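Thank you all for coming; I would like to walk you through one model, slowly, and begin by putting it on the screen.

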Amino acid sequence: MSLIGEQTRAIMLDTLLGGQSLPAGELAYIAGVTPQTASSHLSKLIDANVLLVETNGRHRYYRLASPEVAQLMELIAAVTPPVRVRSLRESEQMKKVRHARTCYDHLAGRLGVDLTKSMLDNGLIEVESPTDFSLTSQGHDHFRQFGIDFSVIKLGRRVFARRCLDWSERYHHVGGLLGATLTSALFERRWIERVEGLRAVKVTDVGRSGFREFFGLDVKEIIKA
């Protein structure tokens, strides 16, 4: 807990929760520390298998080691006091992150939770256990119409549909392979787009229509592209 709870490391890890890989210099700038200090923190996180580093030429890029790390961070955030907002700019950024964001490689925030509730209400998924959802036969058929056939997607070591506790909504959203595959498809269809400089996402006009028609979800109050 102390390893990832330290303020500088927490800021860098939160930045990487969007699932992207970033260089040490950018992480240092975001955390407000010197490159040397950032390097020290990043080394500790790599040694603890929290981060992975990839080398591209002279550059080194850091990313979360696994979806399980992202899930742990979301869980910790859900049971700790909210971060104190110090300015109007931070307030607006936090609002966007709360509305819709990526948790590593799947949707979180109000959009992720509302989509999960909609899939539950429409019988596409169901609660299988305290930690997992499962896809119903109706859900399999529905997603095939969407262009995703989960019966032919190899699970590997990944949990299929994790119940990931959302720190801002205090409710579960869908993680695991199902959440990641669906989120990837939403980006490809341009239903959602990333907000520059944040791990927030915004819903496009195409997405607003798509969510309503395919999932019965009205997202008019969620951040719009």
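I will talk about the aromatic rings, then about charges over rings, and finally about one alanine.

Please keep in mind that this is a predicted model, in which local features need pLDDT of at least 70, side-chain atom pairs count only at pLDDT 80 or more, and totals for chains, interfaces and linings use all residues. Residues are numbered from 1 along each chain as its sequence is written, and side-chain values use heavy atoms, with hydrogens and water left out.

Rings of Phe, Tyr and Trp (its six-membered ring) pair if their centres lie within 6.5 Å, and planes under 30 degrees apart count as stacked, over 60 as edge-to-face and the rest as tilted. By this rule there are 11 aromatic pairs. Phe143 and Phe146 are edge-to-face, because their planes stand at 85°, with the ring centres 6.5 Å apart. Phe143 counts as buried at 0% relative accessibility, and Phe146 is buried at 3%, where buried means under 20% relative accessible area with a 1.4 Å probe, protein chains only. Phe211 and Phe215, by contrast, form a tilted pair, 6.4 Å centre to centre with 40° between the planes. One aromatic cluster includes Phe143, Phe146, Phe211, Phe215 and Trp191.

A charge sits over a ring if NZ of Lys or CZ of Arg is within 6 Å of the ring centre and within 35 degrees of the ring normal. Lys117 lies over the face of Tyr171, 4.6 Å from the ring centre, and the charged end of Arg163 sits over the ring of Phe133, 5.5 Å from its centre.

Lastly, Ala161 counts as buried, at 1% relative accessibility, and its C-alpha atom is 5.7 Å from that of Asp132, 29 residues apart along the chain.

Conventions
Buried means under 20% relative accessible area, exposed over 50%, partly exposed in between (1.4 Å probe, protein chains only).
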